[in-house]
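Thanks for making time this morning. I would like to walk you through one model, going from the overall picture down to a few helices and then to a single residue.

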Amino acid sequence: MSPKSLGRIALAVFRESVRERVLYNLVGFALLVIGASYLIGQMTAGQDVKIIKDLGLSAMAIFGLFIAIFIGIGLVSKEIERRSIYSLLAKPVRRSELVVGKFLGLALTVAINLAVMTVVWYGVLAYMSWSEIDLVKKGWEAPAADPRLLVAVYLLFVQLVLVIALALFFSTFAEPLWATVFTFGLYVAGHFSADLKHFDVIVGDSPVRYVTTGLYYLLPNMATFDVKNAVVHAQLVPYGYVLTATAYGAFYSLALVAAAVLIFSKKDFK
Amino acid sequence: MTPAIDVEDLTKDYKVGFWRPRPYRALDRLTLQVQPGEVFGFLGPNGAGKTTTLKLLMQLVFPTAGRASILGRPVGDLGVRQRIGYLPENPYFYDNLTAEELLEYFASLFGYSRSDCQARASRLLDEVGLGAERRMQLRKYSKGMVQRVGIAQSLLNDPEVLFLDEPMSGLDPLGRRDIRELILRLRERGTTIFFSSHILSDAETLCSRVAIVAGGRLATVGTLRDMSGFEVRGWEVVMTGVASTVLATLASRGVKATTVADGRYTFDLPKDASAEAFVAEMHAGGARLVSVAPVHTTLEEIFVQQVHKAGSAREGAL
């Protein structure tokens, strides 16, 4: 795989996706929610900073998810459906480079969007910090623009990269609608996968236990990347945990991209 | 000499049906060779297997059986793609990129430097008549303009072999003339051109050889002249100043005369008649010659004949 080709494909994907109208709508809406969190915070007694932190992170997670799924599936499926891939595959490019390049380009798009949302969010938090009196600030568990919040943003990014990998994987063989349903379904199921681990308590020694345990290991554990509650309440997220979660996300994403490459390499573009 | 394109027993089955997929043969043991420098027309009705053949050559689909090589190397070889160009049927590109960005991106995939990519993109956009619209997003392009972008992208690497799938599709008469001229220029440069079309007049004007496919099978291949039935089957003589008595005499001899306009008549002579003797006789009777032209079997007639033949053969096989 040539790094130069990967870079060129990723850049073109970024260029194409960053101009999508739906992206502007999603980011615009996310920024609106982040901005509105300031007003909602004003209505609560003493919980204003936590509300802004909580709502801001939730908005980034939800809109980041929409961006990853819709742009990810849209770009790949559209490429196949509208046959723009025909001209591309006639160039000296390997199919594997195309899949990996697309993945990197989409990850870059999500990273930039997340960065924009984070800057606005920190702006709101900094304004909060600047506008409040010291007496109120003393009651806060942590400063408003707490840099430790970035850990949650970082892990959210790792999670969204995994979502992109899922979207890419499903796009290689499923229709756009099904790819969206599968990706979203796995995202939701992934948040509850921890429950599957303890399912044996309910089902006892029945064979269902093996199925649920198998599913626990197979489904992406999305809850791993959610440290929102910890950072909002100024609890320390250990580096070891961040590293493990990163390794888990990277491994899972790589496995999905590898599977996507395998399917894509043998695909007939009818 | 190594053929530019060498196809042997190329076969492609698609699976059709959702619950019980069964194979459908889109291409059946296609064998043909295209020599370097040829303009080769690949003709056939819709669903004949033209696009499937091109997709197999571009490795957009994989063959069920048989093999294909381009410039002496297997079609999947990346080195081959460095030396070929391809215009898909009804091309589509990225909505949000400009034509200039798209061509620079595609050119970069050949490994050219940034300045070279820019120069190639700029030159080709001028060549296909889109110089003024180069910075417009492709979503705003008309179908004909997208087709021109498609042609430009297929020429980015100065290909030795160019594959064009229905290149005239979506173009107005001026656009078609431009593309015809472009193909002729490329032919002069020695580019091998393989183009699929169902517009027979283009093939007649441009191609040194043609193949006709029907029902997934090769019906015939050769030069227009060599093809069975492509021969002089008579003469068309146009004359003016023909006296009515002469017309009556000719009618009694079974020579068919058609009034064209302005006192001109067209006479259809059988192929064994002497056109020279006829003209001399008419000249003696006071008529003046406007033109003499041999009447060939048209490509359209050959096409219809071959397609019907292939259709009957297929029905017979079933």
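Let me start with chain B, which contains ten helices and 14 strands. Please keep in mind throughout that what you see is a predicted model, so every value I quote is computed from predicted coordinates. Taken along the principal axes, the C-alpha atoms of chain B fill a box of roughly 75 × 55 × 45 Å, and of the 318 residues in this chain, 38% count as buried. If we consider the contacts in chain B with a separation of 6 or more, 72% of them are accounted for by residues 24 or more positions apart. Chain B is divided into domain 1, residues 5–222, and domain 2, residues 232–296, and the C-alpha centres of these two domains of chain B lie 45 Å apart.

Now to confidence, for which I have the values of chain A. The mean pLDDT of chain A is 83, with 91% of its residues reaching 70 or more. Among the elements of that chain, helix α13(A), residues 239–265, has the highest mean pLDDT, at 94, whereas helix α6(A), residues 134–138, has the lowest, at 67. Where pLDDT is low, the predicted coordinates should not be read in detail.

Let me turn to the contact between the chains, which takes 25 residues from chain B and 21 residues from chain A. On the side of chain B that touches chain A, α2 (78–81), α3 and α5 of chain B each supply at least two residues, and α3(B) gives the most, with four residues. By class, that side of chain B has 17 nonpolar, five polar and three charged residues.

Since α3(B) has come up, how many of its ten residues are buried? Eight of the ten are, so this helix is largely enclosed by the rest of the structure. The buried residues of α3(B) include Leu102(B), Leu103(B), Tyr105(B) and Phe106(B), and also Glu104(B) and Ser108(B). What covers the buried residues of α3(B) includes α1 of chain A, together with α4 and α5 of chain B.

That brings us to α4(B), residues 114–127, which has 14 residues and reaches 20 Å from its first C-alpha to its last, close to the 20 Å expected at 1.5 Å a residue. In this helix Cys117(B), Arg120(B), Ala121(B), Leu124(B) and Leu125(B) are buried. Seen down the axis of α4(B), these buried residues fall within an arc of 125 degrees, so they line one face of the helix. The buried residues of α4(B) pack against α3 (99–108) and α5 (143–154) of chain B, and just after α4(B), Gly129(B) takes a positive phi of about 80 degrees.

Is Val13(A) buried or exposed? Val13(A) is buried, because 26 other C-beta atoms lie within 10 Å, and the cut-off for calling a residue buried is 20 or more. Leaving aside residues up to four places away in sequence, Val13(A) touches Leu75(A), Gly101(A), Lys102(A), Gly105(A) and Leu106(A). Val13(A) and Tyr86(A), by comparison, are 73 residues apart in sequence and 16 Å apart in space, C-alpha to C-alpha.

Technical notes
Residues are numbered from 1 along each chain as its sequence is written. Chains are lettered from A and ligands numbered from 1 in the order in which they are written. This is a predicted model: local features need pLDDT of at least 70, side-chain atom pairs count only at pLDDT 80 or more; totals for chains, interfaces and linings use all residues. The expected span of a helix is 1.5 Å times one less than its number of residues. A residue is buried if 20 or more other C-beta atoms lie within 10 Å of its own, exposed if 12 or fewer, and partly exposed in between; C-beta atoms are placed from the backbone. The arc is that of the directions from the helix axis to the C-beta atoms. Two residues are in contact if their C-beta atoms, placed from the backbone, lie within 7 Å. Ala, Val, Leu, Ile, Met, Phe, Trp, Tyr, Cys and Pro count as nonpolar, Asp, Glu, Lys and Arg as charged, and the others, Gly among them, as polar. Domain bounds come from an automatic or database domain assignment. pLDDT is the predictor's confidence in each residue, from 0 to 100.
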